[in-house]
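Please examine the sequence and the structure shown below.

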Amino acid sequence: MITFSQVTKRYRGGTEALKALSFTIETGELVVLTGPSGAGKTTLLKLIAAIERPTQGSVLVHGQNVGKLTRGAVPYLRRNIGMVFQEGRLLFDRNVFENVMLPLAIIGMPYREAAKRVRAALDKVGLLEKEKAQPITLSGGEQQRLAIARAIVNRPAILIADEPTGNLDADYAAQLMEMFSAFNQVGVTIVIATHHPHMAQHIKSRELHLKAGVLQSSIQKDLATDAHG
Amino acid sequence: MRSLIAQHRAAAALTVQRMLAAPLATLLTLSVIGIALSLPLGLYLMVDNLGRVAANTQGQPEISLFLKDNASSATQRDIEAKLDAHAGINEYRFVARDAALKTLSKNMGLSDATAVLGKNPLPDAFVVVAKLADPDALEQMRKEMQAWNGVQTAKLDSDWARRLNAFLRLGRDGVWLLGGLLGFALAAVGFNTIRLQVLAKRDEIEVSRLLGATDAFIRRPYLYLGTLQGLLGGLTGWLIVMAAFALINLRVAEIADLYGMNFLLEGLALHAGLLVLFLSGLLGWTGAYLAANQHLRGGAAAI
């Protein structure tokens with residue numbers, strides 16, 4: 001569960017990215033954050049992962065006030081949060097397999113077990129065939145799928161994604177959203193920020209619409225009876 | 001526990017891999033460290049060898065009484081009696097001329113002194129150790145003994161040894177000073193090479209932190225790199241000094257041979273060498289720790 005209470009984030013220089021924001025995301029929800037560029041979507045995601053800290057208010061993740069975490073405790077929070085970034089943030093001096101291996105190396109998982117997990121994650125995103133490839137040789141969509149594999153290999157309880165479909169064409173983007181939906185169905189809490197509101201129209205989700213750091217609306221889209229089911 | 005060992009092994013493997021990936025840079029860094037270390041080490045060995053020579057002579061306040069060639073055994077007993085009665089004397093010993101020649105040959109590494117000299121040129125002698133080391137009192141005592149019957153020369157022995165010791169102390173101070181300075185330089189070299197490595201791997205560090213890596217995890221490969229660099233640099237310094245001494249010893253042996261002496265400079269003892277390796281490794285580690293921490297706590301702290 002992720003709870004924002006009266007969260008304000010002011011950057012140095014006075015820019016107010018979020019203004020007294022309050023909402024709750026339940027465990028197992030899939031939330032799509034929408035809004036124009038500069039609405040504060042990225043800041044919101046950064047607050048969840050303690051990449052930034054709130055100026056005022058509190059951010060609770062599984063009951064933990066992440067704004068008050070000590071420096072030493074932050075890594076352990078992040079091990080439970082998978083992150084996918086717009087630009088991928090892949091390591092281009094390592095192959096596909098090694099990129100996905102990194103989160104497991106960080107927690108010190110024995111190699112054999114880790115290798116199995118890496119292959120399972122690559123299989124889920126359809127990149128098992130390319131485990132020896134260098135990321136630079138992958139297409140944009142494949143790079144983004146690789147980033148997702150890296151984010152889920154550690155089986156995090158929460159997955160946050162910032163504009164994951166940003167540079168992809170519509171088909172690829174729809175595929176990616178279905179992938180997120182599949183992870184959500186096995187219990188992962190997912191928060192996706194996007195400025196393409198139509199991206200989430202085919203999956204069951206709740207849309208939080210932000211504008212200039214203020215929550216505008218929260219719309220539940222239940223597609224249980226929809227043709228896309 | 002097992003995972004920690006695995007992580008350390010992975011960090012060590014990564015380190016070696018990175019060092020081998022840039023062989024020229026690695027070689028140059030190791031040379032810089034090695035040469036910087038070889039200077040104080042070389043000076044230390046020079047001082048140490050001089051000290052070894054000096055140790056054969058006592059630093060105690062000694063007066064040698066060389067007897068006249070024609071001094072009778074009665075005269076000798078007479079002097080003994082005076083020495084026994086003297087209040088300023090700690091102890092004395094009689095050195096017969098034959099025994100003195102043997103000791104001299106041994107001490108100086110002369111293979112056969114009489115072969116060179118023809119006959120024993122040394123007189124009988126008393127070696128007197130005074131109670132006080134005060135130079136004035138010693139000089140007073142020397143003058144008194146010079147006047148005794150049967151004494152050819154009374155000689156104060158301690159002066160040159162004390163001067164040499166003073167110079168050796170100066171040399172040792174120099175070693176520490178030079179060692180300290182170059183040790184600092186070594187840590188600085190370590191710091192700088194690791195800093196460059198850290199900067200080159202900035203993306204990797206940032207991504208690792210986002211994936212939940214602790215500071216310890218991120219630092220680990222750099223600490224290995226710094227330590228390994230220090231150790232190998234220390235080894236290089238050790239080898240440089242050993243090679244230099246082997247070369248110098250060729251000449252020393254030649255010169256010693258010309259004087260009919262057996263003398264060679266001693267290289268770095270094993271325990272001293274290991275100490276150097278330990279210290280250079282420690283300095284490398286320190287430099288790496290500072291460089292990695294500067295990055296982690298500095299500009300990237302917000303991530």
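In helix 6 of chain A, the residues A:Ala173, A:Leu176, A:Met177, A:Phe180, A:Phe183 and A:Asn184 are buried; a residue is called buried if 20 or more other C-beta atoms lie within 10 Å of its own, exposed if 12 or fewer do, and partly exposed in between, with C-beta atoms placed from the backbone. Viewed down the axis of helix 6 of chain A, these buried residues fall within an arc of 115°, so they line one face of the helix; the arc is that of the directions from the helix axis to the C-beta atoms. An α-helix has 3.6 residues a turn, so residues three or four places apart point the same way. The face turned away from the buried side of helix 6 of chain A carries the exposed residues A:Asp171, A:Glu178, A:Ala182 and A:Gln185.

This is a predicted model, in which local features need pLDDT of at least 70 and side-chain atom pairs count only at pLDDT 80 or more, while totals for chains, interfaces and linings use all residues. Residues are numbered from 1 along each chain as its sequence is written, and chains are lettered from A and ligands numbered from 1 in the order in which they are written. Helices (H or I, at least four residues) and strands (E, at least two) are DSSP runs, numbered from the N terminus.

The buried residues of helix 6 of chain A pack against strand 3 (30–34), helix 5 (140–152), strand 7 (158–162) and strand 8 (189–193) of chain A. After helix 6 of chain A comes A:Gly187, which has a positive phi, near 105°.

The largest nonpolar core has 104 residues, and A:Leu33, A:Ala149 and A:Ile190 are among those with the most contacts inside it. Such a core is a set of buried Ala, Val, Leu, Ile, Met, Phe, Trp, Tyr and Cys residues joined through C-beta atoms within 7 Å. Its largest share, eleven residues, comes from helix 9 (residues 215–258) of chain B.

Elsewhere in chain A, strand 9 (residues 205–211) and strand 10 (residues 214–221) run antiparallel and are joined by seven bridges; two strands pair if DSSP finds at least two bridges between them. These strands of chain A form a hairpin with two residues between them, and A:Ala212 in the turn has a positive phi of about 50°.

Finally, 16 residues of chain A are in contact with 17 residues of chain B, contact being counted if the C-beta atoms of two residues, placed from the backbone, lie within 7 Å. Helix 3 of chain A gives the most to the side of chain A that touches chain B, with four residues.
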